[in-house]
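This report covers helix packing and ring contacts in one structure. Please read it alongside the sequence and the coordinates.

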Amino acid sequence: NIPGLVARAHQICGELDGGASVETVVSEEMDSAFAENPALHLYPARVRRTATRFITASVDVYCPSHQGQLP
């Protein structure tokens, strides 16, 4: 769902603009993934990498002013 991903990317930028840390946003993304598919609890490192990549892409495209906060 591309429109949903774009909307979430904008939300991530809004959270970062509001002072949320990247770690907080990563945790939110992970929690959302686990809620959608509890079997992902078996692969927490993979879920964290995927969340971090999505947040990085969101920042790169929609709010590059936050690139300094990325891991």
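Two rings of Phe, Tyr or Trp, with the six-membered ring taken for Trp, count as a pair if their centres lie within 6.5 Å. By this rule the model, which is predicted, has zero aromatic pairs. A ring does take part in another kind of contact: Arg46 sits over the face of Tyr43, at 5.7 Å from the ring centre.

| Helices | Angle between axes | Axis distance |
|---|---|---|
| Helix 1 and helix 2 | roughly 145° | within 10 Å |
| Helix 1 and helix 3 | roughly 80° | within 9 Å |
| Helix 2 and helix 3 | about 125° | 9 Å |

**Helix 2 with helix 3**

Helix 2 spans residues 22-36 and helix 3 spans residues 44-62; they pack at an angle of about 125°. Angles of 65 to 115 degrees count as roughly perpendicular and those over 145 as roughly antiparallel, and helix 2 and helix 3 are therefore oblique to each other. Their crossing is right-handed. On the side of helix 2, the contact is formed by Val22, Glu23, Val25, Val26, Glu29, Met30, Ala33 and Phe34. These meet Pro44, Val47, Arg48, Ala51, Thr52, Phe54 and Ile55 of helix 3. By class, the residues of this contact are 11 nonpolar, one polar and three charged.

**Helix 1 with helix 2**

Helix 1 covers residues 2-17, and its axis crosses that of helix 2 at roughly 145°. This crossing, too, is right-handed. Helix 1 contributes Arg8, Ile12, Glu15 and Leu16, while helix 2 contributes Val22, Val25, Glu28 and Glu29. The contact of helix 1 with helix 2 holds four nonpolar and four charged residues, with no polar ones.

**Helix 1 with helix 3**

How are helix 1 and helix 3 oriented to each other? Their axes cross at roughly 80°, and the two helices are therefore roughly perpendicular. From helix 1, the residues in contact are Leu5, Val6, Arg8, Ala9, His10, Ile12, Cys13 and Leu16. Helix 3 supplies Phe54, Ile55, Ser58, Val59 and Tyr62. This contact divides into 10 nonpolar, two polar and one charged residues.

Terms used: Residues numbered from 1 in each chain as written. Predicted model: local features only at pLDDT ≥ 70, side-chain atom pairs only at ≥ 80, totals over all residues. Heavy atoms only, no water. Axes fitted to C-alpha atoms, helices over the stretch in contact; angles between N-to-C directions. Helix = DSSP H or I, 4+ residues; strand = E, 2+ residues; numbered from the N terminus. Parallel < 35°, antiparallel > 145°, perpendicular 65-115°, else oblique. Left-handed = near helix turned anticlockwise from the far one by under 90°. Contact = heavy atoms within 4.5 Å. Nonpolar A, V, L, I, M, F, W, Y, C, P; charged D, E, K, R; others polar. Phe/Tyr/Trp six-rings, centres within 6.5 Å; stacked < 30°, edge-to-face > 60°. Lys NZ or Arg CZ within 6 Å of the ring centre and 35° of its normal.
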